[in-house]
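Here is my note on the model you sent. Please read it with the structure open.

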Amino acid sequence: IIVSGGSFTDEGYELALWEDDVLIKNFTFSSDQWPNNPFHYPTPYYEFSPNCNKFAIILSGWTGYEYPGREELWLLDIPLRKLDLAVLGRELSIGFPDFDFPVQSVLPNWSPNEKEFVFGGGEFGLEIINTETSKRRWLAGPKYTLFKPQWSPSGRWIAAEWENEGFYSVFV
């Protein structure tokens, strides 16, 4: 399996799915939240799920100093050859112009069975999304300020870092 692309065109991002040297399908996707300006496109990040059945494209929440946006996670289901917006990150309800304000990270950490992933951290808490039903649920609210969630290989546990005034701990 090869996924190639990731460049912007007038219509949005282009992505191609290949199996061996055969082009299986082309995808073009875009978001209404990004300005139609070639200098303010989000930075993409890519990640395969553990068994390579899914491919995640994460569009960063920042396109420039004064161009914040909500992070997006687009999910390519490789066996079904289907691309959908899986997560639109949360945003703070109060923003101040010309000041940095955080955006929710939607970088996934996959469960071993690839049916769910955990994401988030900081001011937004941690969430789990089911890739089959698209249902989101809270794992820990924002008051816990947990970061870098990691699913255990057994799928039974999720660990995350906790920081408080320079002291770090691990929560499971």
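The points below go from the basis of the model to its fold, cores and surface.

1. Basis. This is a predicted model, in which local features need pLDDT of at least 70, side-chain atom pairs count only at pLDDT 80 or more, and totals for chains, interfaces and linings use all residues. Residues are numbered from 1 along each chain as its sequence is written, and side-chain values use heavy atoms, with hydrogens and water left out.

2. Elements. The protein chain has 14 strands and 0 helices. Both are DSSP runs numbered from the N terminus: helices are H or I, at least four residues; strands are E, at least two.

3. Of the 172 residues in the protein chain, 37% are buried. Buried means under 20% relative accessible area, exposed over 50%, and partly exposed in between (1.4 Å probe, protein chains only). Among contacts (heavy atoms within 4.5 Å) with a separation of 6 or more, 36% are between residues 24 or more positions apart.

4. Cores. The largest nonpolar core has 13 residues; Leu15, Phe29, Phe55, Ile57, Leu76 and Leu83 touch the most other members. Strand 2, strand 3 (22-29), strand 5 (54-59) and strand 6 (72-77) each supply at least two residues of this core. Another core, of 10 residues, lies apart from it and includes Leu73, Val87, Val106 and Phe117. A core here is a set of buried Ala, Val, Leu, Ile, Met, Phe, Trp, Tyr and Cys residues joined through side-chain atoms within 4.5 Å.

5. Strands 4 and 5. Strand 4 (residues 44-48) and strand 5 run antiparallel, joined by 5 bridges. Pairing requires that DSSP finds at least two bridges between two strands. Phenylalanine 48 stands opposite phenylalanine 55. The hairpin has 5 residues between the strands, and cysteine 52 there takes a positive phi near 60 degrees.

6. Glutamate 14. This residue sits in strand 2 (residues 13-19). Glutamate 14 is partly exposed, at 36% relative accessible area. Its C-alpha atom is 7.3 Å from that of asparagine 26, 12 residues apart along the chain.

7. Surface. The accessible surface of the protein chain is about 10,300 Å², with 53% belonging to carbon and sulfur atoms. Areas come from the Shrake-Rupley method with a 1.4 Å probe; for residues, only the protein chains shown count as cover.

8. Tryptophan 157. Where does tryptophan 157 lie? Tryptophan 157 is in the loop between strand 12 (146-151) and strand 13 (158-164). Tryptophan 157 is partly exposed, with a relative accessible area of 44%.
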